[in-house]
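Here are my notes on the model you sent over. Have it open while you read, and tell me where you would look next.

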Amino acid sequence: MLFPENFQLIVTLGSRGARFEYDVFPPSSAKKVFDVCGAGDTFLCGLVIGNILFGDLSKSIALANHCAGIAVEHSGTYQISADDILEHLNEI
């Protein structure tokens with residue numbers, strides 16, 4: 001068996017957010033998309049940080065969407081900072 005029976009995927013949907021099981025999580029409120037380079041890596045980083053901070057997958061996906069939204073607002077790859085994350089914690 002390639003995957004265990006309880007294997008679950010989080011699927012990023014670009015401008016449509018992300019899907020986990022049967023729930024679709026809305027995208028961030030990115031003001032203007034300049035470059036999507038690195039958005040997936042940034043999503044994953046936000047997901048891991050969210051899991052460490054919250055221990056809740058729904059909140060982690062929300063943070064991951066916010067982080068990816070911040071990244072696409074910049075030209076080229078963008079490294080999320082702690083300030084970027086702290087600014088958006090109250091929106092989750």
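Predicted model: local features only at pLDDT ≥ 70, side-chain atom pairs only at ≥ 80, totals over all residues.

**Notes on the model**

1. Residues are numbered from 1 along each chain as its sequence is written, and side-chain values use heavy atoms, with hydrogens and water left out.

2. N65 sits in helix α2, residues 57–72. Helices (H or I, at least four residues) and strands (E, at least two) are DSSP runs, numbered from the N terminus. Leaving aside residues up to four places away in sequence, N65 touches G17, A18, F25, P26, P27, S28 and F43, where contact means heavy atoms within 4.5 Å.

3. Now the sheet. It is open, with three strands in the order β1-β2-β3 and antiparallel pairing; strands pair if DSSP finds at least two bridges between them. β1 (10–12) and β3 (23–25) are the edge strands, each pairing on one side only. The twist averages 20 degrees from one strand to the next. α2 packs on this sheet, touching β1, β2 and β3, and its direction makes about 165 degrees with that of β2. Axes here are lines fitted to C-alpha atoms, for helices over the stretch in contact, and angles run from 0 to 180 degrees between N-to-C directions.

4. Strand β2 (residues 18–20) pairs with β3 in the antiparallel sense over three bridges. A18 stands opposite F25 in β3, and both A18 and F25 are among the contacts of N65.

5. Have a look at E21, in the loop between β2 and β3. Its phi is near 55 degrees, a positive value in a residue other than glycine. Most residues other than glycine have a negative phi. At 43% relative accessibility, E21 counts as partly exposed.

6. Which element gives the most to the lining of the largest pocket? That is α2, with four residues. The lining has 17 residues, of which G14, S15, A39, A68 and V72 lie nearest the pocket's centre. By type, the lining residues divide into nine nonpolar, eight polar and no charged; Ala, Val, Leu, Ile, Met, Phe, Trp, Tyr, Cys and Pro count as nonpolar, Asp, Glu, Lys and Arg as charged, and the others, Gly among them, as polar. A pocket is an open set of points on a 1 Å grid over the protein atoms alone, where a 1.4 Å probe fits, with protein on both sides within 12 Å along at least five of seven lines; lining residues have an atom within 4 Å of a point.

Notes
Buried < 20%, exposed > 50% of the residue type's maximum accessible area, 1.4 Å probe, protein only.
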